[in-house]
Amino acid sequence: MERTTSSLGSSMRRYSLSISSNESHHHNIDTDAECESVVSEVGDIGDRALRSRRFSESNSIHLSFDNRSDNGVDVVYNQEEQRLQPHTSFSHPNSSVMPLPHELTSTSPLSTDAIVGFEDPNQEPRKGLLVLLDYASCMVQLAVFGILGVLTRYLLQKLFGPGNAAVTSNHTLLYLDLPSNMVGSFLMGWFGVVFKGDIISNVSEHLAIAITTGYLGSLTTFSGWNQKMLELAVSGHWLFSALGFLIGMFLVAYSIIFGIKTAKGFRWLLNRLNMSSGNGNFKIKSKLDSCNCQFKVMVFFLVILVILWGVSGALVKSEFKHGGSAAQLWFACLVSPIGVWIRWFLARLNGRGLGKAGLFKWIPFGTLIANVSAASLMAALASLKEAVKTRDCDTVVGGIQFGLMGCLSTVSTFASEFNAMSESNQPWRADAYAIITICVSFSLGILIYCVPVWTRGFNIEA
């Protein structure tokens with residue numbers, strides 16, 4: 001399908017517009033600070049992605065027009081649909097910049113409200129959407145999708161683990177959570193990179209957050225990966241531990257790349273099929289913007305959450321006295337939303353840097369803190385479990401490890417950030433980010449878990 005630039009003029013091959021609360025001025029979006037922030041915010045930006053919070057902030061909003069940009073939003077013009085729409089190559093999926101309607105592609109001045117979160121005039125204004133409702137609805141959906149992510153991770157462990165496919169185990173570099181980390185990273189390429197903007201603009205930002213941060217973030221786990229490598233190291237298998245990180249990182253990185261490529265191919269196929277039928281680009285519009293819609297959606301997911309918690313609580317009560325993985329799973333479902341919520345709130349630190357000067361904006365400190373803290377707490381809980389060694393302790397600690405710590409850490413968001421840095425103008429940052437995350441987590445794990453095991457003589461095989 002032929003794509004041309006918008007009616008702002010074909011001669012404007014690179015045009016950037018910045019609108020702030022104090023003044024409007026033009027500048028180049030490819031400055032180092034901007035690129036650092038965009039790359040760091042690709043995976044998740046926490047509650048800053050909520051519409052109510054974006055409108056309440058006074059930060060600058062950037063819009064870039066280009067037929068192909070590296071770190072901005074690729075904006076192309078579809079003559080059949082007569083409107084601007086984003087094309088995903090390396091765009092910022094959490095960007096608050098929405099597609100512009102045809103009326104705004106003329107030479108008339110563009111307002112901030114017109115650029116950020118453009119609303120259909122036939123829809124009820126979002127001004128009535130209370131901040132409390134915005135947060136509550138998002139958190140309920142995060143909890144539901146987080147529990148579903150935990151259940152999926154458990155099923156993948158059983159499917160590929162000992163007793164079934166026997167591909168993974170606790171005693172090899174192919175750790176139990178490797179399949180879930182690969183699947184989650186692959187799906188992140190679909191719903192967290194290529195189709196995330198479509199979900200936000202055509203359905204709701206809550207659903208996009210629930211799928212990426214809630215489901216995919218909970219399906220994948222960095223703390224579980226780090227802990228399995230620690231258990232190999234504490235047994236003397238240091239080579240297996242190092243290879244586990246290297247091979248695991250390689251497989252995760254290529255999983256998200258494969259996901260992005262297949263998602264782009266699927267988008268192209270849908271557009272070709274719809275063009276042949278004369279329908280133009282493939283679009284599903286069911287925007288849930290009004291307070292009434294948001295409230296109904298929140299109630300719907302709240303009912304599901306209550307059901308999930310009720311079933312999990314009943315099964316924990318019946319299975320707790322027997323112990324085992326089943327009791328740990330249902331206990332994990334009870335506590336997993338806490339980990340998802342904490343990670344989501346920490347994600348607001350991504351792209352902010354350190355201090356008032358915003359140093360090292362390219363490092364997603366929210367994701368880094370979530371992964372390192374979860375890995376450290378996972379190691380501490382493992383030490384506690386080795387010290388106490390009772391069935392009840394194993395059930396509670398195992399449930400917290402699998403649920404809360406597993407959901408507090410994430411590999412899918414980590415993989416999307418790594419991929420974004422790899423495709424940026426400074427790809428060395430991807431390797432630096434991965435090395436910092438892995439080395440800090442593993443080093444703290446050695447101090448918290450391995451040293452007590454070695455000094456106290458715990459029998460980790462028991």
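Begin with helix α4, which spans residues 131–160, and select R153 within this helix. The model in the viewer is a predicted one.

**R153 and its surroundings**

With R153 selected, display F402 as well. The charged end of R153 sits over the ring of F402, at 4.5 Å from the ring centre. R153 is buried but has no salt bridge; D177, the nearest side chain of opposite charge, lies 4.8 Å away. A salt bridge would require a side-chain nitrogen of Lys or Arg within 4 Å of a carboxyl oxygen of Asp or Glu.

Which backbone oxygen does the side chain of R153 reach? Selecting L219 supplies the reply: its backbone oxygen is reached by the side chain of R153 at 3.4 Å. To complete this view, show the contacts of R153 beyond its neighbours within four places in sequence: D177, S180, S218, L219, T221, F402, G406 and C407.

**Aromatic pairs at helix α5**

Attention now turns to the aromatic rings. The structure holds 22 aromatic pairs. One of them joins F186 and W190, a tilted pair with 6.5 Å from centre to centre and 45 degrees between the planes. Both residues belong to helix α5 (residues 178–194), and because F186 and W190 are 4 residues apart there, about one helical turn separates them. In general, an α-helix has 3.6 residues a turn, so residues three or four places apart point the same way.

Are these two residues buried or partly exposed? F186 is partly exposed, its relative accessible area being 23%, whereas W190 counts as buried at 17%. W190 and F195 form a tilted aromatic pair, with centres 5.8 Å apart and 35 degrees between the planes. F195 is buried, with a relative accessible area of 14%.

**The aromatic cluster**

Select Y175, F222, W225, W238, F245, F414, Y433, F442 and W454 together; these residues form one aromatic cluster.

**Helix α14**

Finally, select residues 412–422, which make up helix α14. How many of the residues of α14 are buried? The helix is mostly covered, with 10 of its 11 residues buried. The buried residues are S412, T413, F414, A415, S416, E417, F418, N419, A420 and M421.

Conventions. Residues are numbered from 1 along each chain as its sequence is written. This is a predicted model: local features need pLDDT of at least 70, side-chain atom pairs count only at pLDDT 80 or more; totals for chains, interfaces and linings use all residues. Side-chain values use heavy atoms; hydrogens and water are left out. Rings of Phe, Tyr and Trp (its six-membered ring) pair if their centres lie within 6.5 Å; planes under 30 degrees apart count as stacked, over 60 as edge-to-face and the rest as tilted. Helices (H or I, at least four residues) and strands (E, at least two) are DSSP runs, numbered from the N terminus. Buried means under 20% relative accessible area, exposed over 50%, partly exposed in between (1.4 Å probe, protein chains only). A charge sits over a ring if NZ of Lys or CZ of Arg is within 6 Å of the ring centre and within 35 degrees of the ring normal. Lys and Arg count as positive and Asp and Glu as negative; His and the chain ends are not counted. A polar contact is a pair of N or O atoms within 3.5 Å; within protein, one must be able to donate a hydrogen and the other to accept it, and residues adjacent in sequence count only if both atoms are side-chain atoms. Contact means heavy atoms within 4.5 Å.
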